[in-house]
Amino acid sequence: MSKIRYERPVIKKLESGMPNKFGTRTEYLPMTHIDGVAVTRLVKEYGSPLFVFSEKTIHSTIKSARKAFETRYPRVQFAWSYKTNYLNAVCSIFHQEGSWAEVVSGFEYDKAISLGVDGRKIIFNGPEKSEEDLTKAITNDSLIHIDHLDELYSIAELAEILKKCPRVAIRVNMDTGIYPMWDRFGFNYENGQAWDAINKIMHSGKMELVGLHCHIGTFILAPSAYGIAASKLAELAISVEQKFKHEIMYIDLGGGFASRNTLKNAYLPGSDTNPTFDDFAESISTALLNSNFKKDKLPLLILETGRALIDEAGYLIGSVISNKRSSTGRRNTILDVGVNILFTAFWYDHKITPAQSFTQYTEDTCVFGPLCMNIDVIRENTELPLLNRGDQVVIHNVGAYNLTQWMQFIALRPNVVLVDKDGKTHVIRMRETLDNMNTMEKIPNHLKKFNL
Ligand SMILES: *Cc1c(COP(=O)(O)O)cnc(C)c1O
């Protein structure tokens, strides 16, 4: 009998805990403080529900993202995606960290200008840019990312009228193995549309092609898709150089990195399994360094990361309104946090942590919001300790998209507070009032009176 081959033992740390049939247990410890500030104090001063942002986390997240890319590639520039969170204070933190602005509408463009962003450091994306928007962007020398041929022709016309040479890029869509493909934006790589658009720009002589852009999707869990995208854009840039002797200044890979959240139906928590900035940076920088750019001709790498830079810095504090049993006997907990202010509850299993100490007993719980709507569910099922009326919870990783996609629906929207690096709190968006709402409305004279 031959000897069985020796294999060295491997010890691997299991991060996730043992899932039971409801998934992993939500939390083992209460979260009583956010960046050193007591949740009870925050609620007392600013009310519940309450959004809380950690300035410290925003700084540390953008710093770690920059480090991941800058250690692998020589020229990197981040541009803050306004639609992910355009609270002025949040945008300003990113601008203080050196990020440019990435906007997708005239409104966002004006917001960036009003915050004092240099027009040359605004990237203007999106399918809808009015002539007025384009005129502003051309006058300010902003980077205009063209989405379709109609826009390309409008820019050519405006360039003549304004006697300026607009700085443009094209948005390229492509097959990177991520489906459904976001091929409604920009020009397709595989069928030649992107090359057509490039040739139209280069032959027109009316604008300067400074960059190539793509944004392949959002919450992408496959870093390799970015490697494919980077290779395809690099190939286009090199073709431009060969044919027109024109150097492309930058390659912009858009946003879309997954945050630490857990997608619904995922088996393991996203905080354990989602790719890190290092994973994305490795894939992108390898593709660019391996492409045919000469050593001193590497283009600037622009990243428009949104979600992954802000999700973890945002918390939502809520309070328990009531506990009840469903008709089947399941425990239902009703919070004062509805899907009108936590839109992402439709996509994620947000982690919910009690804000006060609790006993070891947990129960599978359905967490509802306060709206009179059946779809107002924050978590379909999660293991939670027994919470009482008036208890607080902290909902994690809510910083991306909730404060741009929230709705004034049934209730008024709450305060948003920033905890700064010294642990001081600042209201960065005031809670809405009935007066705020009423100032936007008008009642025709004949409707001003009624007798009941
Ligand atoms: C939304 C958007 C981003 C940011 O995407 P995230 O998924 O939040 O990282 C970047 N670029 C463009 C063009 C976008 O539309």
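View 1. The structure holds 18 salt bridges, a salt bridge being a side-chain nitrogen of Lys or Arg within 4 Å of a carboxyl oxygen of Asp or Glu. One of these joins Lys264 to Glu380, with the closest N and O atoms 3.4 Å apart. Because Lys264 lies in the loop between β11 (250-252) and α9 (270-273) while Glu380 belongs to strand β17, the pair ties together parts that are 116 residues apart in sequence. Helices (H or I, at least four residues) and strands (E, at least two) are DSSP runs, numbered from the N terminus. The side chain of Lys264 also meets that of Asp349 in a salt bridge (3.5 Å, N to O). This is a predicted model, in which local features need pLDDT of at least 70 and side-chain atom pairs count only at pLDDT 80 or more, whereas totals for chains, interfaces and linings use all residues. Residues are numbered from 1 along each chain as its sequence is written, and side-chain values use heavy atoms, with hydrogens and water left out.

View 2. The chain is divided into domain 1 (33-52 + 312-437) and domain 2 (55-311), with bounds that come from an automatic or database domain assignment. Taken over C-alpha atoms, the centres of domain 1 and domain 2 are separated by 33 Å. Their contact (heavy atoms within 4.5 Å) takes 26 residues from domain 1 and 26 residues from domain 2. About 2,400 Å² is buried between domain 1 and domain 2, with carbon and sulfur atoms giving 54% of this area; buried area is the accessible area (1.4 Å probe) that two parts lose on being put together, summed over both. In domain 1, Glu312, Tyr348 and Tyr401 lose the most area to domain 2, together 29% of what that side buries.

**View 3. Secondary structure on the domain 1 side of the interface.** Two salt bridges are counted between domain 1 and domain 2. The elements α12 (402-405), β19 (416-419) and β20 (425-429) each supply at least two residues of the side of domain 1 that touches domain 2. Of the contributions to this side, that of β19 is the most, with three residues.

**View 4. Strand pairing around β16.** Strand β14 (residues 331-335) and strand β16 (residues 362-368) pair in the parallel sense over four bridges, where pairing requires that DSSP finds at least two bridges between the strands. Within this pairing, Asn332 has Cys366 in β16 as its bridge partner. β16 and strand β17 (residues 377-385) pair in the antiparallel sense over six bridges, and Asp364 stands opposite Glu383 in β17.
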